[in-house]
Amino acid sequence: MHRVGIEPKDIDVVFLTHFHGDHTLGLPPFVLHRIFVDKPRQLTFVGPDGVAGRLESLWEVSWGVDWKSVMLPRFKARYVDARPSGQVAGHRYETVKLDHGTTGCNGYRIHFGDVVLAYSGDTEPTAPLDRLVDGADVAIVEATGPGDVFSHMSWEAAAALRKRHPQTRFIFNHLYSGSVKGAARDLQVVEV
Ligand SMILES: [Zn+2]
Ligand SMILES: [Zn+2]
């Protein structure tokens with residue numbers, strides 16, 4: 001975050017799409033920073049049902065007995081099970097249930113004034129994904145790799161999605177390897 005000019009303390013809300021490790025295991029260092037560097041400032045986690053239990057387990061795994069005795073008393077967190085639509089930190093959001101793995105994935109449409117940001121996490125390129133990005137100004141969507149990508153979206157399906165929604169600016173992420181034309185450099189900040 002610091003390398004791209006983002007202050008961790010400025011973050012009020014973290015939206016979690018699902019609990020797979022590649023989408024959650026970056027959180028412990030962020031929480032550590034919040035507790036010992038940023039000091040008591042509330043952080044809200046919005047996620048699929050059971051987000052409180054899942055994240056508390058992750059904190060316990062990360063710090064063992066030190067979690068409850070040392071860190072929890074200094075951590076001001078609020079956990080919110082995502083509703084079909086709601087409001088958090090002054091922003092309206094809608095949740096769209098996407099097809100991914102056994103439990104699925106929450107896609108979010110987050111409103112910043114008149115601007116709508118759609119975020120998919122992980123998903124197969126099925127009808128709910130089109131509903132998620134429909135009319136969004138910016139869509140951050142996974143496009144895992146070329147060809148057959150189990151439970152995710154292929155580059156080919158990503159190109160077709162973009163064609164179906166020409167008014168939306170797409171940012172594709174979650175690539176497991178390789179590169180394509182137009183790819184951002186590592187840690188490049190993209191203006192949207
Ligand atoms: Zn996943
Ligand atoms: Zn993933």
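Me: Which residues of helix H1 are buried, and why are they said to lie on the same side?
Reply: In this predicted model, the buried residues of H1 (residues 27–38) are Val 31, Arg 34 and Ile 35. Around the axis they span an arc of only 85 degrees, which puts them on the same side of the helix. An α-helix has 3.6 residues a turn, so residues three or four places apart point the same way.

Me: What does the face of H1 turned away from its buried side carry?
Reply: That face carries exposed residues: Pro 29, Phe 36 and Val 37.

Me: What do the buried residues of H1 pack against?
Reply: They pack against strand E2 (43–47), helix H2 (51–63) and helix H3 (65–71).

Me: Which residue follows H1, and what is its phi?
Reply: Lys 39 follows H1. Its phi is positive, near 70 degrees.

Me: Why is Ala 143 called buried?
Reply: Count its neighbours. Ala 143 has 25 C-beta neighbours inside 10 Å. The cut-off for buried is 20 or more. So Ala 143 counts as buried.

Me: Where is Ala 143 found, and which residues is it in contact with?
Reply: Ala 143 sits in the loop between strand E8 (138–142) and helix H5 (155–164). Leaving aside neighbours within four places in sequence, its contacts are Met 153, Trp 155, Ala 158, Phe 172, His 174 and Leu 175.

Me: Why is Phe 15 called partly exposed?
Reply: Phe 15, in strand E1, has 19 C-beta neighbours inside 10 Å.

Me: Which residues does Phe 15 touch, and how many Å separate it from Ala 143?
Reply: Not counting residues up to four places away in sequence, Phe 15 touches Val 46, Tyr 108 and Tyr 119. Ala 143 and Phe 15 are 19 Å apart in space, C-alpha to C-alpha, and 128 residues apart in sequence.

Me: Which residues of the largest nonpolar core touch the most other members?
Reply: The core has 19 residues. Ala 118, Leu 132, Val 133, Ala 139 and Val 141 touch the most other members. Strand E5 (91–98), strand E6 (105–112), strand E7 (115–119), helix H4 (127–133) and E8 each supply at least two of its residues. Apart from it lies another core, of nine residues, including Ile 35, Phe 45, Trp 59 and Ala 82. In soluble globular proteins, nonpolar side chains tend to be buried together.

Me: Which contacts does Ala 118 make?
Reply: Beyond its neighbours within four places in sequence, Ala 118 is in contact with Gly 107, Arg 109, Leu 132, Val 133, Ala 136 and Ala 139.

Me: What are the domains of the chain, and how many residues does each give to the contact?
Reply: Domain 1 is 1–82, and domain 2 is 84–177 + 187–192. Each gives 14 residues to the contact. On the side of domain 1 that touches domain 2, strands E1 (13–15) and E2 give two or more residues each. The residues of that side divide into seven nonpolar, five polar and two charged.

Me: How do you know whether the radius of gyration agrees with a compact globule?
Reply: Set the two values side by side. For 192 residues, a compact globule would have a radius near 16 Å. The chain has 17 Å, which agrees.

Terms used. Residues numbered from 1 in each chain as written. Chains lettered and ligands numbered in written order. Predicted model: local features only at pLDDT ≥ 70, side-chain atom pairs only at ≥ 80, totals over all residues. Buried ≥ 20, exposed ≤ 12 C-beta atoms within 10 Å, placed from the backbone. Helix = DSSP H or I, 4+ residues; strand = E, 2+ residues; numbered from the N terminus. Arc of directions from axis to C-beta. Contact = placed C-beta atoms within 7 Å. Domains from an automatic or database assignment. Nonpolar A, V, L, I, M, F, W, Y, C, P; charged D, E, K, R; others polar. Core = buried A, V, L, I, M, F, W, Y, C linked by C-beta atoms within 7 Å. Rg over C-alpha atoms; globule rule 2.2 N^0.38 Å.
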